[in-house]
Amino acid sequence: MDKWPIQPLQIFSKWIFKNKKKFRNRTLLDNGCGVGDLAKSFMTNYEEVMKEGGPAVAPEYKVFKNIESVDLVSKRPYIKKGNMSKLQFADDSFDVVLFSLSLMNTNFVSFIGEALRVLRKRGCL
């Protein structure tokens, strides 16, 4: 298969936009973010994204207070290089933790354990 028939990030983005009032001023951790497209789409504080030549973001898409993007390989300055089974964030740091395609790794159980550690009570995984 050359291409995914459905892009999980597109589905998630539509769901966020539909429920944007629920996520306004919340924090999100995008685990296994790839090239950081979610940060480009939904950040309120997106100055770093714009420095990288990111798209102009319409105000209605500025949903999250902050998005942290983590990947094993950092391709942009706003993407933190890191291991998702040993995240460099304090406990209870995020309202939403997202895994798009990164749970296909053999370490997926430790990834979820770390996500639960950094997720706030009543957060969304």
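Thr 27, Leu 29 and Asn 31 point one way from strand β1, while Leu 28 and Asp 30 point the other way, and all of them are buried (under 20% relative accessible area, with exposed meaning over 50% and partly exposed in between, for a 1.4 Å probe and protein chains only). Welcome to a predicted model, in which local features need pLDDT of at least 70, side-chain atom pairs count only at pLDDT 80 or more, and totals for chains, interfaces and linings use all residues. Residues are numbered from 1 along each chain as its sequence is written, and side-chain values use heavy atoms, with hydrogens and water left out. Helices (H or I, at least four residues) and strands (E, at least two) are DSSP runs, numbered from the N terminus.

**Confidence**

- The average pLDDT (the predictor's confidence in each residue, from 0 to 100) is 79 for the protein, and 82% of the residues score at least 70.
- Where pLDDT is low, the predicted coordinates should not be read in detail.

- Strand β1 covers residues 27-31 and is mostly covered, with 5 of its 5 residues buried.
- In a regular strand the side chains alternate between the two faces of the sheet.
- β1 runs parallel to strand β2 (residues 66-71), and 5 bridges join the two; strands pair if DSSP finds at least two bridges between them.
- Within that pairing, Asn 31 has Val 70 of β2 as its bridge partner.
- β1 also runs parallel to β4, to which 4 bridges join it, and here Leu 29 stands opposite Val 97.

- Leaving aside neighbours within four places in sequence, Ile 16 is in contact (heavy atoms within 4.5 Å) with Phe 23, Leu 38, Phe 42, Val 63 and Phe 64.

**Aromatic rings**

- The structure holds 3 aromatic pairs, where rings of Phe, Tyr and Trp (its six-membered ring) pair if their centres lie within 6.5 Å; planes under 30 degrees apart count as stacked, over 60 as edge-to-face and the rest as tilted.
- One of these pairs is the tilted one formed by Phe 12 and Trp 15, at 6.0 Å centre to centre and 35° between the planes.
- Both Phe 12 and Trp 15 lie in helix α1, 3 residues apart, which is about one turn of the helix.
- Phe 12 counts as buried because its relative accessibility is 14%, and Trp 15 counts as partly exposed because its value is 35%.
- Phe 12, Trp 15 and Phe 23 form one aromatic cluster.

**Positive phi angles**

- Asp 92 is a residue other than glycine with a positive phi, near 55°.
- Asp 92 sits in the loop between β3 (79-81) and β4 (94-99), and Asp 92 is partly exposed at 44% relative accessible area.
- Arg 122 also has a positive phi, near 65°, and lies in strand β5 (residues 119-124).
- Arg 122 counts as exposed because its relative accessibility is 88%.
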